[in-house]
Amino acid sequence: MGSLPLNSHINTIQPIAIPIYNYATKELKQEKARFDTRLSKEQKLFFERAARVGGYRSLTDFVVLTVQEKAKEIISEKEQTIASKRDSDIFFDAITNSPKANKNLIDATNEYKALLS
């Protein structure tokens with residue numbers, strides 16, 4: 001299976017946790033979902049070793065926490081890139097398509113020049 005193409009217009013979807021309040025027990029619970037994957041025996045042994053060495057309680061904890069941290073990093077980086085692109089578009093648009101100076105700006109410029117001379 002090949003890698004996914006990079007899209008220049010990825011919509012950011014924020015994962016949400018929907019808390020569920022159990023009125024009988026007065027507990028707040030979050031819905032759970034399952035994620036299954038197949039991997040080679042060597043990968044599983046390697047990941048289990050990393051989990052042990054890293055001090056994680058289990059392989060599941062290691063995988064979930066590591067993937068979650070990497071996901072946050074990827075999303076943050078992409079959002080910064082998108083924001084940076086949007087900011088530079090706004091900036092360059094303001095420079096290249098700036099409106100003509102109004103009377104107040106012209107008067108202020110003339111006053112400034114008069115102070116310098």
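Analyst: A helix here is a DSSP run of H or I of at least four residues, and a strand is a run of E of at least two, numbered from the N terminus. The model is predicted, so local features need pLDDT of at least 70 and side-chain atom pairs count only at pLDDT 80 or more, while totals for chains, interfaces and linings use all residues. Residues are numbered from 1 along each chain as its sequence is written, and side-chain values use heavy atoms, with hydrogens and water left out.

User: What makes Lys44 and Glu48 a salt bridge?
Analyst: The term asks for a side-chain nitrogen of Lys or Arg within 4 Å of a carboxyl oxygen of Asp or Glu. Lys44 and Glu48 come in at 3.3 Å, N to O, so the pair passes. Side chains of opposite charge can pair when their charged atoms come close.

User: How are Lys44 and Glu48 placed along helix α1?
Analyst: They sit 4 residues apart in α1 (residues 41–53), which means a separation of about one helical turn.

User: Are Lys44 and Glu48 buried, exposed or in between?
Analyst: Buried is under 20% relative accessible area, exposed is over 50%, and partly exposed is in between (1.4 Å probe, protein chains only). Lys44 has 41% and Glu48 has 25%, so both land in the partly exposed band.

User: How many salt bridges are there in total?
Analyst: The structure holds 6. Another one of them joins Lys70 and Glu73, with the closest N and O atoms 3.2 Å apart. Those two are 3 residues apart in helix α2 (residues 59–96), again about one helical turn. Lys70 at 42% is partly exposed, and so is Glu73 at 45%.

User: What makes Asp61 buried, and which residue does it form a salt bridge with?
Analyst: Asp61, which lies in helix α2, has 18% relative accessibility, so it counts as buried. Its salt-bridge partner is Arg57, at 2.7 Å between the closest N and O atoms. Arg57 has 77%, so it is exposed.

User: Why does the Asp61–Arg57 pair also go down as a polar contact?
Analyst: That term takes N or O atoms within 3.5 Å; within protein, one must be able to donate a hydrogen and the other to accept it, and residues adjacent in sequence count only if both atoms are side-chain atoms.

User: What makes the Phe46–Phe47 ring pair tilted?
Analyst: Rings of Phe, Tyr and Trp (its six-membered ring) pair if their centres lie within 6.5 Å; planes under 30 degrees apart are stacked, over 60 edge-to-face, the rest tilted. The structure holds 3 aromatic pairs. For Phe46 and Phe47 the centres are 6.1 Å apart and the planes meet at 50 degrees, so tilted it is. Phe46 is exposed at 54%, whereas Phe47 is partly exposed at 29%.

User: And what makes Tyr56 and Phe62 edge-to-face?
Analyst: Their planes are at 70 degrees, with 5.2 Å centre to centre. Tyr56 is partly exposed at 32%, while Phe62 at 15% is buried.

User: How do you know the span of helix α3 agrees with expectation?
Analyst: The expected span is 1.5 Å times one less than the number of residues. For the 14 residues of α3 (residues 103–116) that should be 20 Å, and the end C-alpha atoms are 20 Å apart, so the two agree. The number of buried residues in α3 is 0, so the helix lies largely in the open. At its start, a side-chain oxygen of Asn102 reaches to within 3.2 Å of the backbone nitrogen of Asn104.
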